[in-house]
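Dear colleague,

I am passing on the structure we spoke about, and below it I have written up what the analysis turned up. Please read the notes with the structure open beside them.

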Amino acid sequence: EAISDPGIGHKMSFFWHQYMIRTIQTSGNTQFYDYLSLLRWGALGNFKKLAQKMVLDNVMLRYLNNNENTKDKPNENFAREFFELFTIGKGPQIAEGDYTNYTEYDIVQAAKVLTGFITRTQRDMVDPETGIPRGNVSLSRHDTTNKTFSDKFQSRTITGATTATAIWTELNAFVDMVFDQPETARNLCRRLYRFYVHRNITPEIEADIIVPLAQQMIDEN
């Protein structure tokens, strides 16, 4: 059944694989299978949920070094890609360290939010919603301070987690903040348009197709 797909599921899985790309060399066959299963799970579902669950994907954690991101030794690699490639996109650069949709300061804060996520060598930690093995959280590695973002995100402050359970709440608050920005939906809609229709997005297409389609995505959470 998974191989025979009369609908759009396989093509959307391929779209997400280009969007949130990993390599099998990062972790081997088994965990790469989990990654592909997660793409398949989220292919026709909720973009925000897929982006949140990718944070804990074992292959992702290794591929973009977030398993090495700790309160004492922050690593900004995943935080940068989460903004630039997976969600909101840079937009034109305004000044040094200042882009249309976020700043280098925001990357620093995001990296702090994303501290304390660790890989699991065994496949015994399973996401309750997807049924797919994932990584886990480590409070001792997590930055427990509050994180205040720039005016690109309305100067929002995300409360630092002081328990392992609260790390999940902090992560959800961060993802909500990014997805509250209209440009996150517009960036996805532009990529969908280029994937399925044409690479050239004129001002008319932006106004008549991208913007209303993005608003529909926002309205439907």
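This is a predicted model: local features need pLDDT of at least 70, side-chain atom pairs count only at pLDDT 80 or more; totals for chains, interfaces and linings use all residues.

Residues are numbered from 1 along each chain as its sequence is written, and side-chain values use heavy atoms, with hydrogens and water left out.

Helices (H or I, at least four residues) and strands (E, at least two) are DSSP runs numbered from the N terminus. Two packed helices are described by the angle between their axes and the distance between the axes; the axes are lines fitted to C-alpha atoms, for helices over the stretch in contact, with angles from 0 to 180 degrees between N-to-C directions. The axes of H2 (residues 29–42) and H3 (residues 47–54) come within 10 Å and cross at roughly 165 degrees, which makes H2 roughly antiparallel to H3 (angles under 35 degrees count as roughly parallel, over 145 as roughly antiparallel, 65 to 115 as roughly perpendicular and the rest as oblique). From H2, Tyr35, Leu38, Leu39, Trp41 and Gly42 make the contact, and from H3, Lys49, Leu50, Lys53 and Met54, contact meaning heavy atoms within 4.5 Å. These residues divide into 6 nonpolar, 1 polar and 2 charged, with Ala, Val, Leu, Ile, Met, Phe, Trp, Tyr, Cys and Pro counted as nonpolar, Asp, Glu, Lys and Arg as charged, and the others, Gly among them, as polar.

In the other pair, H1 (residues 9–19) and H8 (residues 182–196) pack at an angle of about 120 degrees with their axes 12 Å apart, so that H1 is oblique to H8. Lys11, Met12, Phe14, Phe15, Trp16, Gln18 and Tyr19 in H1 meet Asn187, Leu188, Arg191, Leu192, Phe195 and Tyr196 in H8, and the residues of this contact divide into 9 nonpolar, 2 polar and 2 charged.

Turning to charged side chains, the whole structure holds 13 salt bridges, each a side-chain nitrogen of Lys or Arg within 4 Å of a carboxyl oxygen of Asp or Glu. One of them joins Glu129 to Lys49 at 2.5 Å, N to O; Glu129 lies in the loop between strand E3 (117–118) and strand E4 (136–137) and Lys49 in helix H3, so the pair ties together parts that are 80 residues apart in sequence. Glu129 is partly exposed at 40% relative accessibility, and Lys49 is partly exposed at 37% (buried is under 20% relative accessible area, exposed over 50%, partly exposed in between, with a 1.4 Å probe and protein chains only). Arg190 and Glu183 also meet in a salt bridge, at 2.6 Å, N to O, and both are buried. Salt bridges that share partners join Lys49, Lys53, Asp127 and Glu129 into one network.

Finally, the backbone: most residues other than glycine have a negative phi. Asn65, in the loop between helix H4 (58–63) and helix H5 (77–86), has a positive phi of about 65 degrees although it is not a glycine. Gln154, in the loop between E5 and E6, is likewise not a glycine and has a positive phi of about 60 degrees.
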